[in-house]
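Subject: A structure for you to look at

Hi there,

Here is the structure I promised to pass on. Have a look at it first, and then read my notes below.

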Amino acid sequence: MDMYNRINQLCKENHTNITALCRILNISRSTLSELKSGRTKTLSAEYASKISQYFHVTVDYLLGKTDQKNIPAESAKELSFDDFTYAMHHEGKKLSEENKMKLLEMAKFFVQQQEKEQKRK
């Protein structure tokens, strides 16, 4: 099964479609159209990573290197720094400047609290 078909199947399994996926992940619809038509054979590492994270599958699954689609349970339970960074970058685009500043202040507050706790130990 080629990469486009795997992505399309994941969309169906998750009750969405390619167009909605592209909009959510900020990927040009033409990028996946090129993949579907065969004019391109694969996606950039950035796009493959975005899609695999969105569907919680491995990039190797998208590439057809394995049929095991799910990320092993141990790593799936933990929110990695990369997942957090991606979520903040993606969701942050939707925030007003005022709310971005509030979020930054909250992050600074948590860092200060963490530093205080570490000094007590």
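Which side chain meets that of Lys 50 in a salt bridge? The partner is Glu 46, with 3.9 Å from N to O. A salt bridge here is a side-chain nitrogen of Lys or Arg within 4 Å of a carboxyl oxygen of Asp or Glu.

Before we go on, two notes on how to read this. This is a predicted model, in which local features need pLDDT of at least 70 and side-chain atom pairs count only at pLDDT 80 or more, while totals for chains, interfaces and linings use all residues. Residues are numbered from 1 along each chain as its sequence is written, and side-chain values use heavy atoms, with hydrogens and water left out.

**The salt bridges**

Side chains of opposite charge can pair when their charged atoms come close. By the rule above, the count is 5 salt bridges. Back to our pair: Lys 50 and Glu 46 are 4 residues apart in helix H4, so about one helical turn separates them. Helices (H or I, at least four residues) are DSSP runs, numbered from the N terminus. Lys 50 is buried, at 13% relative accessible area. Buried means under 20% relative accessible area, exposed over 50%, and partly exposed in between, using a 1.4 Å probe and protein chains only.

Helix H8 (residues 97-120) holds Glu 98 and Lys 102, 4 residues apart and thus about one helical turn from each other. Their side chains form a salt bridge, at 3.5 Å from N to O. Glu 98 is exposed, with a relative accessible area of 54%, whereas Lys 102 is partly exposed at 46%.

Also in H8, Lys 108 and Glu 105 are 3 residues apart, again about one helical turn. The closest N and O atoms of this salt bridge are 4.0 Å apart. Lys 108 is partly exposed at 43%, and so is Glu 105 at 45%.

**The nonpolar core**

A nonpolar core is a set of buried Ala, Val, Leu, Ile, Met, Phe, Trp, Tyr and Cys residues joined through side-chain atoms within 4.5 Å. The largest one has 19 residues, and Ile 7, Leu 21, Leu 32 and Ile 51 touch the most other members. Two or more residues each come from helices H1 (3-13), H2 (18-25), H3 (29-37), H4 (45-55) and H5 (59-63). H1 gives the largest share, 5 residues.

Enjoy exploring!
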